[in-house]
Amino acid sequence: MRRMRVIGAALVVLALATMAGVAIGTPGSGVTAVVVASGTIANPIGIPQAPGEATWITETTFAPGGTTGWHSHPGKTIVVVKSGTMTLYRSRDGECRVREFGPGEGFVERPTSVHIAWNEGDVPLVVGVTYFRIGSNDVVRIDKPDPGVCAA
């Protein structure tokens, strides 16, 4: 019974401290974060990752007319457009799916997705990309042949 009272009292103190704005944790110091890109992603992103697999976060710039070439990834990949417009061509079920993404928009590529991204604009395209499931070989992309369904 005494144990229950102690736990109850601790919860009350925690609740009061939280409502009063008292910090329970320790403050950070000497740390600076730079947002590479920020945006929203419409679809859910469950991300399995095995021990020993790395996660990479990059800022990638496409010159006007720049392209990734047809490829896939070893794990899920999250892309957020920082500036410019990305045109994404996906080969899915024998059809070509095309979508444009502008600043603040993002998407998830699944490992099975064969796609190509282009900067079809006349200004540089800058994207933040997070790659998951990178093995010891440091491969973030897997070259794929043109599936022949898109006029990209």
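**Cut-offs and conclusions**

User: Why does Cys 96 count as partly exposed?
Analyst: Its relative accessibility is 29%. Buried means under 20% relative accessible area and exposed over 50%, with partly exposed in between (1.4 Å probe, protein chains only), so 29% falls in the middle class.

User: What kind of model is this?
Analyst: The model is predicted: local features need pLDDT of at least 70 and side-chain atom pairs count only at pLDDT 80 or more, while totals for chains, interfaces and linings use all residues. Residues are numbered from 1 along each chain as its sequence is written, and side-chain values use heavy atoms, with hydrogens and water left out.

User: What makes Cys 96 and Cys 150 a disulfide?
Analyst: Their sulfur atoms are 2.0 Å apart. A disulfide is a pair of cysteine sulfur atoms within 2.5 Å, so the pair qualifies. A search of the whole structure finds 1 disulfide. The link of Cys 96 and Cys 150 is right-handed, with 110° about the S-S bond.

User: Which parts does the pair of Cys 96 and Cys 150 tie together?
Analyst: Cys 96 is in strand 5 (residues 95-101) and Cys 150 in the segment after strand 9 (142-143), so parts 54 residues apart in sequence are tied together. Helices (H or I, at least four residues) and strands (E, at least two) are DSSP runs, numbered from the N terminus.

User: Why does Cys 150 count as buried?
Analyst: Cys 150 has 10% relative accessibility, so it counts as buried.

User: Why is the aromatic pair of Phe 101 and Phe 107 called tilted?
Analyst: The rings are 4.4 Å centre to centre, with 35° between the planes. Rings of Phe, Tyr and Trp (its six-membered ring) pair if their centres lie within 6.5 Å; planes under 30 degrees apart count as stacked, over 60 as edge-to-face and the rest as tilted, so this pair is tilted. Phe 101 and Phe 107 are both buried.

User: How many bridges join strand 3 to strand 6?
Analyst: There are 4, and the strands run antiparallel. Two strands pair if DSSP finds at least two bridges between them, so strands 3 and 6 pair. Val 79 stands opposite Phe 107 in strand 6.

User: What does Thr 77 touch?
Analyst: Thr 77, in strand 3 (residues 77-83), touches residues including Phe 107, Val 129 and Tyr 131, not counting residues up to four places away in sequence. Contact means heavy atoms within 4.5 Å. At 1% relative accessibility, Thr 77 counts as buried.
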